[in-house]
Amino acid sequence: MLKYEEYIEWADTDFDDAGSIKSSSLMYAFQEIAAVHATNLNLGFDDMISHNNIWVLSKLRFKVYGEILKDRRYRLETYPRPKKGITFFRDYYLYDEDNLISAGTSHWCIINFETRKVERTKLDFDGEFIDYEPFEGGIEKIKADNLKEAGSYEVTEDDIDINRHVNNCRYADMVDRAVCGMKYNDFNIHFAKEAKLGDNIKLYTGKMDDWEVIIGKSDDETTVFQAKVRKIETDEDINKRL
């Protein structure tokens with residue numbers, strides 16, 4: 001079975017001022033365990049760059065089912081699923097002992113490091129894949145009308161990763177900035193265009209049913225990313241609906 005697991009603990013910097021786990025910290029944990037597992041399967045960064053290729057995340061979704069706490073040890077598992085065309089699938093499960101606390105799923109593709117174009121390749125992980133995924137609906141579509149301006153984000157050196165573009169986790173920070181600390185437990189993001197050092201990403205928010213939608217665009221109005229989050233309902237929210 002193509003599976004990898006490790007035990008992790010969270011640092012103080014992984015939590016926001018209200019004591020909730022940051023989405024960027026969850027994304028970072030998923031990203032890092034995926035990188036380690038790919039390396040163990042001889043398809044890590046060094047293996048790929050030797051052929052002038054890199055892995056690029058195209059979509060991600062995660063849900064949080066329980067409270068994630070400091071100073072507690074969690075088990076994080078990851079499994080790849082069979083690829084379809086140019087898309088590789090990988091899932092994540094975070095456990096507090098035997099209790100599922102969070103789950104995630106992601107889509108990846110391989111691009112040429114120099115041309116930044118998608119590569120069609122016969123590369124794949126060697127082994128037995130799982131035959132299930134964490135969410136029945138997968139990674140859902142994102143669309144919103146009547147967008148409102150929600151600030152901007154200027155890309156600095158700290159945002160850039162080994163692939164010479166903005167690290168995936170930084171986009172979660174942009175989402176949190178746009179929704180002004182709103183608490184949510186379901187997060188979807190689609191990446192449309194690489195952002196690089198010096199880029200200015202304009203943020204917009206809108207609605208899609210019961211989702212808050214966040215769109216990031218470059219100065220020429222090209223979409224960089226689309227995200228949507230589902231707010232955690234409070235007693236006050238429930239009372240307003242009644």
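I started with Arg-61 and looked up its bridge partner in S7, which turned out to be Asn-188. A reminder to myself: this is a predicted model.

Next I checked the pairing around that spot. Strand S2, residues 53-64, runs antiparallel to S7 over five bridges. I then turned to the other partner I had noted, strand S10, residues 223-231, and found that S7 pairs with S10 in the antiparallel sense too, over seven bridges.

Is S7 mostly covered or mostly open? I looked at residues 184-191 and found seven of the eight buried, so to speak a mostly covered strand. A general point I keep in mind here is that side chains in a regular strand alternate between the two faces of the sheet.

Then I zoomed out. I counted four helices and 10 strands in the protein chain, and from the N terminus I read the order as β-α-α-β-β-β-β-β-α-β-β-β-β-α. The radius of gyration is 18 Å, close to the 18 Å from the globule rule for 242 residues, so the chain is as compact as a globular protein of that length. Along the principal axes, I get a C-alpha trace spanning about 55 × 50 × 35 Å.

For burial, I noted 47% of the 242 residues as buried. Of the contacts between residues at least 6 apart in sequence, 69% join residues at least 24 apart.

Last, charges: I found 34 positive and 48 negative side chains, with the centres of the two sets 6 Å apart.

Technical notes
Residues are numbered from 1 along each chain as its sequence is written. This is a predicted model: local features need pLDDT of at least 70, side-chain atom pairs count only at pLDDT 80 or more; totals for chains, interfaces and linings use all residues. Side-chain values use heavy atoms; hydrogens and water are left out. Helices (H or I, at least four residues) and strands (E, at least two) are DSSP runs, numbered from the N terminus. The radius of gyration is taken over C-alpha atoms; the globule rule is 2.2 Å times the number of residues to the power 0.38. Buried means under 20% relative accessible area, exposed over 50%, partly exposed in between (1.4 Å probe, protein chains only). Contact means heavy atoms within 4.5 Å. Lys and Arg count as positive and Asp and Glu as negative; His and the chain ends are not counted. The place of a charge is taken as NZ of Lys, CZ of Arg, CG of Asp or CD of Glu. Two strands pair if DSSP finds at least two bridges between them.
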